[in-house]
Amino acid sequence: MHNDESVANYFLHVDEIVNCMKNLGEEIKEAVVVDLRSLSPRFESKVSAIEEKENLRNLTMSQLHQILTAYEMRKGGP
């Protein structure tokens with residue numbers, strides 16, 4: 001994720017990659033281990049809170065998208 005990239009654009013990019021992988025025959029489950037290191041540093045405090053509170057093995061991309069969008073809205077955008 002680029003520092004000035006919105007959460008919505010980031011997740012569009014992730015969805016694009018996932019769809020390409022599925023088209024190549026990769027099986028991807030809804031519940032994924034989310035690699036939060038790809039997020040920009042502006043989400044560092046939120047990432048720490050998510051890691052402490054959530055079971056990352058059960059966190060879906062949709063849930064993460066909702067959490068980060070709400071955080072972005074409170075902080076005033078990208």
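The protein chain has 3 helices and 0 strands. Keep in mind as you look around that this is a predicted model. Reading from the N terminus, the order of elements is simply α-α-α.

Let's start with the chain as a whole. Of its 78 residues, 26% are buried. The chain exposes about 5,700 Å², and carbon and sulfur atoms supply 49% of that area. As for how the chain meets itself, take the contacts with a separation of 6 or more: 70% of them are between residues 24 or more positions apart.

Now go inside. The largest nonpolar core is made of 13 residues, and the ones with the most contacts inside it are Phe 11, Leu 36, Leu 39, Phe 43, Ile 50, Leu 64 and Leu 68. Two or more residues of this core come from each of α1 (7–23), α2 (44–53) and α3 (61–75). The biggest giver is α1, with 4 residues.

Leaving out residues up to four places away in sequence, Leu 36 touches Val 47, Ile 50, Glu 51, Leu 56 and Leu 64. Two of the residues in this neighborhood, Ile 50 and Leu 64, are also on the list of those with the most contacts inside the core.

From there, step over to α2. Which residues of α2 are buried? They are Lys 46, Val 47 and Ile 50. Looking down the axis of α2, you'd find these buried residues within an arc of 100 degrees, so they line one face of the helix. Part of what covers the buried residues of α2 is α3.

Last stop: the loop between α1 and α2, where you'll find Ile 28. Is Ile 28 buried or partly exposed? Its relative accessible area is 27%; buried would mean under 20% and exposed over 50%, so Ile 28 counts as partly exposed. Setting aside residues up to four places away in sequence, Ile 28 touches Val 18, Met 21 and Lys 22. For Ile 28 and Val 18, which are 10 residues apart along the chain, the C-alpha atoms are separated by 7.8 Å.

How values were computed:
Residues numbered from 1 in each chain as written. Predicted model: local features only at pLDDT ≥ 70, side-chain atom pairs only at ≥ 80, totals over all residues. Heavy atoms only, no water. Core = buried A, V, L, I, M, F, W, Y, C linked by side-chain atoms within 4.5 Å. Buried < 20%, exposed > 50% of the residue type's maximum accessible area, 1.4 Å probe, protein only. Contact = heavy atoms within 4.5 Å. Areas by Shrake-Rupley, 256 points an atom, 1.4 Å probe, with all protein chains shown as cover. Arc of directions from axis to C-beta.
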